[in-house]
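Please open the model in the viewer and keep the selection panel at hand.

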Amino acid sequence: MNCKSLIDFLTEYDQGTLPMHQRLMFDLHLKLCPPCKKFLDDYRAAIKMGKKCCCPKQEPALEHVPEEFIQAVLKAKEAMPIPGNEPRK
Amino acid sequence: MSQVSSTSNPMVDDSRERELVRRLQAGESRAFEELVRENSPRLLAVARRFFPSESDAMDALQDAYLSAFKAIGRFDGNSKLSTWLHRIVVNACLMKLRAKSRRPEAQIESMLPTFDSSGHRVSEGSQEGRLSETAEDALHRKESRELVRATIHELPEQYREVLLLRDIEELDTDQVAQMLDLTAGAVKTRLHRARLALKQLLEAKLDRLRGREVAPS
């Protein structure tokens, strides 16, 4: 196994879906190749950063929805051919 | 404004949701207003993850609501209303993304790691190998978090949409394949390449950010 084939199978390795013999070769390569071990750590860090930075708790404006937006949606709904479109007061 | 529900009792929540669905399907205007007011904060957050522009996110969410209003008569209660709405918002975001200009798939090649003819990685110098050491610190800083979100939006569309659906919205591979009309294998490949590109881009950008911070003024 070389560095390229290791990187090609990073997702399967992380998900534990690699066949046993490939996983053993993967583990061996990681022990012998510190740059690949570092690459794997950084790859995992990038995934974690993407997930955490986009999660709702990190979005300070989550609670704020402009009233104009809500009124625009309700107005657009009135123009639709669906039940309950009696004129709004 | 409260989030989805004012109670933490699941049985009360279920009963309240069934009643809301009944009123929606009966066409009660106040029910539509309740639906929009209660779900918009959470759903706008979903749309914001797909679009850096606030107006694009709001347009997509409005499109999603109109789709949901049209389809509410067919909602069968087999999933939670919030799950059903989430799926509709994600679909509306994907449609809007695709309506905007597409960048060719080949563009991601320049964002991926490179190898020599024997399959060994070509060193990327100072950009390499620092993300895992700095990730925790970066996650606590607003500027870094904004940079990560902006970097995701730099990924070519075909890769960005898979990364958003799998890693951020946490849909499974089969769901994403169905939504994007791809094979499961293609979803896995695109996700892997998107993650690799994200790693490469983040390393370069966070390095530059740190460089600016330590440079004398």
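Which element gives the largest share of the lining of the second largest pocket? Select α9(B), which supplies six residues of that lining. This is a predicted model, in which local features need pLDDT of at least 70 and side-chain atom pairs count only at pLDDT 80 or more, while totals for chains, interfaces and linings use all residues. Residues are numbered from 1 along each chain as its sequence is written, chains are lettered from A in the order in which they are written, and side-chain values use heavy atoms, with hydrogens and water left out.

Helices here are DSSP runs of H or I, at least four residues, numbered from the N terminus. Of the 16 lining residues, A:D8, B:T189, B:H192, B:R193 and B:L196 lie nearest the pocket's centre. The lining comprises five nonpolar, five polar and six charged residues (charged: Asp, Glu, Lys and Arg; nonpolar: Ala, Val, Leu, Ile, Met, Phe, Trp, Tyr, Cys and Pro; polar: the others, Gly among them). A pocket is an open set of points on a 1 Å grid over the protein atoms alone, where a 1.4 Å probe fits, with protein on both sides within 12 Å along at least five of seven lines; lining residues have an atom within 4 Å of a point.

Now colour by chain: 49 residues of chain A contact 54 of chain B (heavy atoms within 4.5 Å). Select B:R37 and A:E67, whose side chains form a salt bridge at 2.7 Å, N to O (a side-chain nitrogen of Lys or Arg within 4 Å of a carboxyl oxygen of Asp or Glu).

Finally, select B:N91 in helix α4 (residues 81-99) of chain B. The C-alpha atoms of B:N91 and B:A60 are separated by 9.1 Å.

Key
Helices (H or I, at least four residues) and strands (E, at least two) are DSSP runs, numbered from the N terminus.
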